Amino acid sequence: MSFLFGNRSSKTFKPKKNIPEGSHQYELLKHAEATLGSGNLRMAVMLPDGEDLNEWVAVNTVDFFNQINMLYGTITDFCSEDSCPVMSAGPKYEYHWADGTNIKKPIKCSAPKYIDYLMTWVQDQLDDETLFPSKIGVPFPKNFMSVAKTILKRLFRVYAHIYHQHFDAVMQLQEEAHLNTSFKHFIFFVQEFNLIDRKELVPLQDLIEKLTTKDR
């Protein structure tokens, strides 16, 4: 399915963030994909023996960005200024955008605008070699984990918006299994390393319980 719809700026669809082949992070990504293939998501998210936690979190954060980017890309025809004038996850939860640099005071904006801001911001973080070093031997900064937590907290909001506002479209496209697997992987990962505050997960709490109880 083409991700570039005629009436929409192609900017919403971020280019896939590639981890350089031959790098240690690439090997970690391959390890993650292999363990995911076993079908045991709880095992798949665990830190491999002898690996650096920062590097493991970095590789998986890039992977989740790519997954969410693709998932949202398939439903943008259904997510417009008219259909989603505010960025929400159901009637009780509304998100306002601020990035702390260009937009310091949170602004109310439509869901497509918010998600465009969010994905552009995440991509800028992932492309910053001082935050996400891709070269072997370059250390992660001291604030890496807090940056990763903010990225994951914000990526969660895209899942929450898709589930609350566009699940019919997901079903129409027969993508619910793909969305559920991606989200379940994401939740197991953030639970394993305590990366998202529980109160942030409340908009999808029922779903999280449903998806994760089978695997306890």
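This is a predicted model: local features need pLDDT of at least 70, side-chain atom pairs count only at pLDDT 80 or more; totals for chains, interfaces and linings use all residues.

Visitor: How are two packed helices described?

Guide: Two packed helices are described by the angle between their axes and the distance between the axes. Take α4, residues 111-126, and α5. Their axes come within 11 Å and cross at roughly 150 degrees. α4 and α5 are therefore roughly antiparallel to each other. The crossing of α4 past α5 is left-handed.

Visitor: Which residues make the contact between α4 and α5?

Guide: On α4, they include Tyr-114, Leu-118, Trp-121 and Val-122. On α5, Val-147, Ile-151, Leu-155 and Val-158 are among them. By class, the contact has 12 nonpolar, three polar and two charged residues.

Visitor: How do I read the faces of a helix?

Guide: An α-helix has 3.6 residues a turn, so residues three or four places apart point the same way. Now try α7, residues 205-213. Its buried residues are Leu-207, Ile-208, Leu-211 and Thr-212. Seen down the axis of α7, they fall within an arc of 115 degrees, so they line one face of the helix.

Visitor: What covers the buried residues of α7?

Guide: The cover includes α2, α5 and α6. The face of α7 turned away from its buried side carries exposed Asp-206 and Lys-210.

How values were computed: Residues are numbered from 1 along each chain as its sequence is written. Side-chain values use heavy atoms; hydrogens and water are left out. Buried means under 20% relative accessible area, exposed over 50%, partly exposed in between (1.4 Å probe, protein chains only). Helices (H or I, at least four residues) and strands (E, at least two) are DSSP runs, numbered from the N terminus. The arc is that of the directions from the helix axis to the C-beta atoms. Contact means heavy atoms within 4.5 Å. Axes are lines fitted to C-alpha atoms, for helices over the stretch in contact, and angles run from 0 to 180 degrees between N-to-C directions. Angles under 35 degrees count as roughly parallel, over 145 as roughly antiparallel, 65 to 115 as roughly perpendicular and the rest as oblique. A crossing is left-handed if the near helix is turned anticlockwise from the far one by less than a right angle, and right-handed if clockwise. Ala, Val, Leu, Ile, Met, Phe, Trp, Tyr, Cys and Pro count as nonpolar, Asp, Glu, Lys and Arg as charged, and the others, Gly among them, as polar.
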